[in-house]
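Please look over the sequence and the model shown here before reading on. The paragraphs below are meant to be read with the structure open beside them.

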Amino acid sequence: MSSILKVSEIQDPTNGNSALTIDSSGHVFRPQTPAFFVHRNASYTLSAGEVMQFNTAEIDTDNGFDASTHEYTIPVTGLWHFSGALSFTGLTTSRSYIGIRWRADGTAWHDLYDNYHFNSSSAYGNIALTTMRQCTAGEKIDLYMSANSSGILFNHDVKRSHMMGRLIG
């Protein structure tokens, strides 16, 4: 025996908030899904290791981003998808490395390092890291950068340097 459930909206039982909607074409929407996209609105010179100094939240559905600490506070426990990127220039040694590291409450859980062979301080590069993580509500997420030279210019052009995340489920 099979059954068909025909609904266009599912609401929470207490407040009538829409938890899920399905349009006439079958597209499913979850309007209360936490998500964020933050970037920097001006160039910034990084030291050899520090939290990336994002200061602008373009998307922040749950107001979890703190521009003073550059952290996003997880509002809902669950599986999260994260992506971050750093566009930079100013590595000063001919054999430089740079890395980015996702952290929760100051503890790293995923990182990526790359080596760059530059002959000039005007050379530039990009590094990006995408991951998923089971997060707990209240955890503070940041993106940390480390390198073997300081004075790295963190570019803001076209939001190339950013971090973002969203609840998957």
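Predicted model: local features only at pLDDT ≥ 70, side-chain atom pairs only at ≥ 80, totals over all residues.

Residues are numbered from 1 along each chain as its sequence is written, and side-chain values use heavy atoms, with hydrogens and water left out.

The chain has 16 strands and 0 helices, where strands (E, at least two residues) and helices (H or I, at least four) are DSSP runs numbered from the N terminus. Of its 169 residues, 39% are buried, a term that stands for under 20% relative accessible area, with exposed meaning over 50% and partly exposed the range in between (1.4 Å probe, protein chains only). The accessible surface of the chain comes to about 9,300 Å², and carbon and sulfur atoms hold 50% of that surface; these areas come from the Shrake-Rupley method with a 1.4 Å probe, and for residues only the protein chains shown count as cover. Among the contacts in the chain with a separation of 6 or more, 67% are between residues 24 or more positions apart, a contact being heavy atoms within 4.5 Å.

One sheet can be followed strand by strand. Strands of a sheet pair through backbone hydrogen bonds, either parallel or antiparallel. Here an open sheet of 3 strands runs in the order β1-β2-β3 with antiparallel pairing, and its edge strands, each pairing on one side only, are β1 (9-11) and β3 (28-29). Two strands are said to pair if DSSP finds at least two bridges between them. Strand β1 is joined to β2 (residues 18-22) by 3 bridges; Ile 10 stands opposite Leu 20, and Gln 11 has Ser 18 as its bridge partner. These two strands form a hairpin with 6 residues between them, and Gly 16 in the turn has a positive phi of about 75°. On the other pairing, β2 and β3 are antiparallel over 2 bridges, with Thr 21 opposite Phe 29, and in their hairpin, which has 5 residues between the strands, Gly 26 takes a positive phi near 95°.

Asp 60 lies in strand β7 (residues 56-60). Why does Asp 60 count as buried? It does so because its relative accessibility is 17%. Although buried, Asp 60 has no salt bridge, and Lys 140, the nearest side chain of opposite charge, is 12 Å away. A salt bridge requires a side-chain nitrogen of Lys or Arg within 4 Å of a carboxyl oxygen of Asp or Glu. The side chain of Asp 60 instead reaches the backbone nitrogen of Gly 64 at 2.9 Å and that of Phe 65 at 2.9 Å. Not counting residues up to four places away in sequence, Asp 60 touches Ala 35, Phe 36, Phe 65 and Tyr 72. Gly 165 is 105 residues from Asp 60 in sequence, yet their C-alpha atoms are 9.6 Å apart in space.

Two loop residues remain. Asn 63, in the loop between β7 and β8 (65-66), has a phi near 55°, a positive value in a residue other than glycine, and counts as exposed because its relative accessibility is 69%. Asp 105, in the loop between β11 (95-104) and β12 (107-117), likewise has a positive phi, near 50°, and is partly exposed, with a relative accessible area of 49%.

Technical notes: Lys, Arg positive; Asp, Glu negative; His and termini not counted. Polar contact = N/O pair within 3.5 Å; in protein donor to acceptor, adjacent residues only side chain to side chain.
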